[in-house]
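Here is a short report on one protein chain. Look over the sequence and the model before reading on.

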Amino acid sequence: MEAMEVDSPVELQGIGQPEGGVAAPAGDAENANAALVMSDSGSSTEVDDDDDDGSAEGQAAAYTPPRLPATWAFSQRAVGGATSTPPIRRRVRQGLRVHYPSQTAAPSRGFPDFLLRAPAASTAEPESGSATEISESEDEAEGEEESTAAAAEPIDPVPPAGSDLSVTVQPAQPQEAATTNSSGTAEAERAEAQVQGVQVSSAVLSPSDENEGDTCTICFEAWTTAGEHRLAALRCGHLFGYTCIQRWLKAQSPSAKCPQCNKKAKRSDIVLLYAPKLRALDNTEQESLKKSLEQEQSLRRKAELESAQYKIKLQVVTNKYGQAQQELQELRALITETSRNLFSSTSSSSSHVLSLSQRADGSRSAQYSFSKAVLVSQAGGCRVLSYCEPLSCLLASQPSPHTTLVPGCGVKKVSVVNMRASQYVPIHSKQIRGLSFNRQNDSLLLSAALDNTIKLTSLLTNTVVQTYNAGKPVWSCCWCLDNSNYIYAGLSNGSVLIYDTRDTSTHVQELVPLRSRCPVASLCYVPRAASSSFPCGGLLAGSLEGGCFWEQVNEATYRPHVLPLETSGCTDIQVETESRHCLVTYRPGRSNPSLRCVLMALTRTPQQESSELPSCSCEPVQTFNAGSSCKLLTKNAVFRSPDGGGTLVCAGDEASNSTMVWDASSGGLRQKLPADLPVLDISPFSVNGEHFLASLTEKMLKLYKWE
């Protein structure tokens, strides 16, 4: 027989009834409801209840349906044994609907909210998957309750929620078997055996251990990613099915709380989550590894910083060691010379021998020998040269080797350790006319260019750290050797601007020229010294029409002294600070057809009267003549001889493309160092006790060693 669904109200039995649902005695037939006779013909059968009274009474006497236990509440239509009951037509569908109370709904009004569907008793071998069918439609349950409430008799109370929900359902028997008790009993046994699989226990309603994170804690059903029972959460963070938590909050309103933590909640707190499953990843080990990595990185940065500091300290110690070694050699030479003088006074013959050996040693040590030539710029354009003692490198100005990528001009580093060009540092946008370092050994380069700016560049990082806009092309620059906070810039209009490195806005003072407005081609600072002939310090500015010494009276006051130089043709002025001598270079002219380098001694006239101020001047000491050509504004050099026996004067000769070396004491030419192109700048330097001379042309840098 097919499983049928019967919308038939059944009277609820008491809790004390047996579970098997045994039929009542025949004597109680008047208290039993009339059995509803069904046909097993199909899934939709209409049954007429308008049989005669005699047959109805006989059937009632022959068979009384068993009463169900009080665990389940069934609705039943009251018949009362009356024979005049009007005919009722019912639609019989597959399955039998059984109402049971919901776990989450409000207190029952007499009928449960959820439905349990069980197959009919006539099914011989039911499938395992069709034992139970639960419907959560509250609207359908309420509709059926209203349709049966009008004719229903009073029902037994609803059993408590904690009672066992196991039930055995037995439907009404067919009409053919209603005449005998034996056939009815057989049908009841078969129905009992069939419905024994329909058991709802608390174990079914509790979540399994392995699916604990995938089920709703209200209905213990798995939540879905779409639909009404999709995943939702409250503000406290607990997860539920959307319909379940909505009903829960609606039933407990207005004092609704979370089913798990009892925190206050409301329907607006419900948030839909878009996640099929939730899993908490254990990242304890990962976080521990991250923390260890951060600690290692911190230690590494600290070690790198300490390494850089130690490198700088090592470089400073190396420089000090070089200076100490140089001083030691000078002391040894002085001791040797003193001992020789003492020995020469006792023996004339030995003195003659020593003098010969002295001259021989002097002839050998007074020579510069070619060491190496370094290509600075393939395209040319080099202009000025300077030596950085802390980094032991020469800096030569040149245009950018890659004008399309990095336009402008900069300096090329040439290491004097391996005698190789290392790297290019971009600084200005136009040609550089002056380079200078201070006495602080901080590797801070001062540069002046025709782009109206002077800049301070750190050679440790190869970056420009400060820029000053002079407003006009800058031809020369220098540091204040008495106070490293001040720098000077010679402009194209003859003025000299004074800048304070502590003030990044503009210049602090301007020195206006007294006579001409020619460009300041050279700037040199003379430091103060305990000298009777020239004790004051100040700035020596040279232009094409003469020179002027700006005596520094105090930090903010400068007093000008016009030097007695020729009124035209002055191309360069250099100063030797120890001997207080300056070298003035003149171009060839009508009166003097050759290049002249005049060595002058700076003097100071003492104050004669109280009303007169002391004056500073210079007197010529020696004149050196070179070639007849001078088209470029070359820079010359005057410095102490490496052997400590006097002063050397070096100048570039355009006529012979060479570097001329003179002895200042005798005025004679000591050497002529050839070059391929005109020499533009000359710079002497010493490294680890060895003395060198560098000469710069437009493309090459030539190095000579004193031997």
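How many helices and strands does the secondary structure of the chain come to? The count is 7 helices and 38 strands. Helices (H or I, at least four residues) and strands (E, at least two) are DSSP runs, numbered from the N terminus.

## Basis of the model

This is a predicted model, in which local features need pLDDT of at least 70 and side-chain atom pairs count only at pLDDT 80 or more, while totals for chains, interfaces and linings use all residues. Residues are numbered from 1 along each chain as its sequence is written, and side-chain values use heavy atoms, with hydrogens and water left out.

## The chain overall

The chain has 707 residues, and 42% of them are buried. Buried means under 20% relative accessible area, exposed means over 50%, and partly exposed lies in between (1.4 Å probe, protein chains only). The chain exposes about 37000 Å². Carbon and sulfur atoms supply 51% of that area. Accessible areas come from the Shrake-Rupley method with a 1.4 Å probe; for residues, only the protein chains shown count as cover.

Contact means heavy atoms within 4.5 Å. Among contacts in the chain with a separation of 6 or more, 52% join residues 24 or more positions apart.

Helix H5 spans residues 242-252. Its buried residues are Thr243, Cys244, Ile245, Trp248 and Leu249. Their cover includes strand S9 (239-241). An α-helix has 3.6 residues a turn, so residues three or four places apart point the same way.

Asp269 sits in the loop between H5 and strand S10 (271-272). Asp269 counts as buried because its relative accessibility is 8%. Beyond its neighbours within four places in sequence, Asp269 is in contact with Ala233, Leu234, Arg235 and Lys264. With Arg235, the link is a side-chain to side-chain polar contact of 3.3 Å. A polar contact is a pair of N or O atoms within 3.5 Å; within protein, one must be able to donate a hydrogen and the other to accept it, and residues adjacent in sequence count only if both atoms are side-chain atoms.

## The loop at Asp451

Asp451 lies in the loop between strand S17 (444-449) and strand S18 (453-458). Its relative accessible area is 14%, so Asp451 is buried. Two polar contacts are described here. The side chains of Asp451 and Thr453 are joined at 2.8 Å. A polar atom of the Asp451 side chain also lies 3.2 Å from the backbone nitrogen of Ser429.

Setting aside residues up to four places away in sequence, Asp451 touches His428, Ser429 and Lys430. Ala470 is 19 residues from Asp451 along the chain, and their C-alpha atoms are separated by 9.2 Å.

## Aromatic pairs

How many aromatic pairs does the structure hold? There are 9. Rings of Phe, Tyr and Trp (its six-membered ring) pair if their centres lie within 6.5 Å; planes under 30 degrees apart count as stacked, over 60 as edge-to-face and the rest as tilted. One of the pairs is Tyr387 with Phe685: the ring centres are 4.7 Å apart and the planes are at 20°, so the pair is stacked. Tyr387 lies in strand S12 (residues 385-388) and Phe685 in strand S36 (residues 681-687), so the pair ties together parts 298 residues apart in sequence. Both Tyr387 and Phe685 are buried.

Tyr488 and Tyr525 are also stacked, because their ring centres are 6.0 Å apart and their planes are at 15°. This pair links distant parts of the chain, with Tyr488 in strand S21 (residues 486-491) and Tyr525 in strand S24 (residues 520-526), 37 residues apart. Both Tyr488 and Tyr525 are buried. Ring pairs also link Tyr387, Phe685 and Phe692 into a cluster.

A charge sits over a ring if NZ of Lys or CZ of Arg is within 6 Å of the ring centre and within 35 degrees of the ring normal. Arg433 lies over the face of Trp475, at 4.6 Å from the ring centre.

## Cysteines

A disulfide is a pair of cysteine sulfur atoms within 2.5 Å. A search of the whole structure finds 0. Cys480 is in no disulfide, and its nearest cysteine sulfur, that of Cys478, is 8.2 Å away. Cys480 is buried, with a relative accessible area of 2%. Cys382 also counts as buried, at 3% relative accessibility.

## Strand S34

Thr659 lies in strand S34 (residues 658-663). Is Thr659 buried or exposed? Thr659 is buried, because its relative accessible area is 1%. Leaving aside neighbours within four places in sequence, its contacts include Ala651, Gln671, Lys672 and Leu673. Val679, Ile682 and Ser695 are also among them.
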